[in-house]
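Hi,

Here is the structure I promised to pass on.

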Amino acid sequence: MGKVRAAITGVHGWVPEDVLTNADLEKMVDTNDEWIRTRTGIQERRILKEPGTASSDLGARAVRGLLEKTGTSPDEVDFIICATATPDMMFPDTANIIADKVGIKNAFAFEVNAACSGFLTALLTAAKYVEAGMYKKVVVVGADKMSSIVDYTDRSTCILFGDASAAVLLEPVPVEENTGVMDAVMRSDGSGREYLYLKGGGSLHPASHETVDNKWHYIYQDGRPVFKAAVQGMAEAVQEVMARNGLKPSDIDWVVPHQANRRIIEAVANMMDFPLERVMINIHKYGNTTTATIPLCLWEWESQLRKGDNLILTAFGGGFTWGAVWVKWAYDGGK
Ligand code: UT7
């Protein structure tokens with residue numbers, strides 16, 4: 001094969017059975033269904049309740065399903081990246097643990113942490129290894145057990161997040177096919193760390209009585225500045241990747257946004273002139289599942305996708321980190 005691109009050749013998701021509804025949250029904190037629906041678009045989320053399970057278990061279930069449906073043996077996988085903001089442990093990293101649980105023995109494996117932009121970061125990284133000719137069967141998985149870092153007494157964050165995972169298979173295709181990961185604009189701004197963080201348990205504030213008493217092992221978010229930066233960051237990244245590739249809104253078949261808030265998604269779609277019918281939105285069912293939102297959408301819409309469809313994937317998250325990736329879909333319908 002001459003020059004290649006990395007094409008997504010399969011996608012699979014996994015969500016826990018247990019549902020946490022807005023009505024359930026009304027009994028836990030001072031909130032109400034109407035506020036949550038109108039301010040975020042969320043109606044329910046899934047929570048991983050099985051004792052002794054972690055993000056790697058979510059990831060392993062998505063990856064196992066992906067390998068089965070694409071007819072890929074674990075032995076064939078030569079590279080696996082896991083994007084997560086809720087690693088099982090500080091180390092070893094979650095990609096290694098998922099690989100072990102799935103029986104992937106012959107692969108390079110590592111984790112990336114770019115919060116809600118983690119899946120795009122991992123996808124772009126994996127695509128570059130494929131383009132360089134190093135790997136041929138690559139798994140990119142987003143897995144987050146957000147319930148492990150949510151304070152269920154904090155109404156400003158506990159209504160937002162859910163647990164899930166989803167994975168894609170990447171394989172090389174000749175550039176003449178004109179499919180795969182085509183281009184990307186990725187950015188970060190570390191000064192955004194004051195608005196969205198989890199500060200306990202790292203090398204700055206190692207776990208102690210103080211970190212636990214202060215609840216530093218939970219997510220903190222100052223929602224308004226994050227909201228503003230998210231709309232601006234995603235719109236600019238989408239605009240840039242489209243402009244430099246000569247793409248107009250009418251050329252885009254699907255926009256696949258990170259699902260943090262329905263109002264953010266609508267604002268970006270509006271600024272970009274994308275009709276909402278071509279924007280994948282499932283936040284009402286799952287809430288914000290961090291690294292899983294984008295592949296979970298691809299999984300849910302898989303049967304409607306056609307070879308050659310232009311997709312713009314876009315995300316914004318803690319860091320700040322954000323970006324947009326242009327993907328040309330590589331196959332028709334569900335597998
Ligand atoms: O995925 C990573 C990136 N994250 C994001 O993109 C999230 C960005 N931010 C957001 O989505 C929104 O800022 C939130 C959904 C987090 C909050 O919505 P908001 O419209 O920005 O609300 P706010 O924080 O400005 O709060 C408005 C009011 C406040 O009351 P006062 O001060 O106006 O009296 C809050 O105390 O709503 C109150 N409030 C609530 N009320 C009922 C905050 N949370 C709740 C709640 N139920 N759960």
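Two elements, β11 (254-257) and α9, each put at least two residues into the lining of the largest cavity (helices are DSSP runs of H or I with at least four residues, strands runs of E with at least two, numbered from the N terminus). The largest share, three residues, comes from α9. By class, that lining has seven nonpolar, no polar and no charged residues: V255, P257, I265, V268, A269, F274 and V279. The volume is about 30 Å³.

Before you use any of this: it's a predicted model, where local features need pLDDT of at least 70 and side-chain atom pairs count only at pLDDT 80 or more, while totals for chains, interfaces and linings use all residues. Residues are numbered from 1 along each chain as its sequence is written, and side-chain values use heavy atoms, with hydrogens and water left out.

Now the ligand. It has 23 residues around it, and T31, R39, R224, N261 and N288 are the closest (near means a heavy atom within 4 Å). On the polar side (N or O pairs within 3.5 Å), the T31 side chain has an N or O atom 2.7 Å from a ligand nitrogen. Ligand oxygens are 2.8 Å from a polar side-chain atom of N288 and 3.0 Å from one of R263. Among the elements giving two or more residues to the shell are α2 (33-40) and α9 (262-272), but α8 gives the largest share, four residues. Domain 1 (4-177) and domain 2 (180-328) both contribute to the shell, so the ligand lies between them (the bounds come from an automatic or database domain assignment).

Cheers

Note on methods. Polar contact = N/O pair within 3.5 Å; in protein donor to acceptor, adjacent residues only side chain to side chain. 1 Å grid on protein atoms, 1.4 Å probe; cavity = no way out; pocket = protein on both sides within 12 Å on 5 of 7 lines; lining within 4 Å. Points joined across faces, edges and corners; volume = space filled by probe spheres on them. Nonpolar A, V, L, I, M, F, W, Y, C, P; charged D, E, K, R; others polar.
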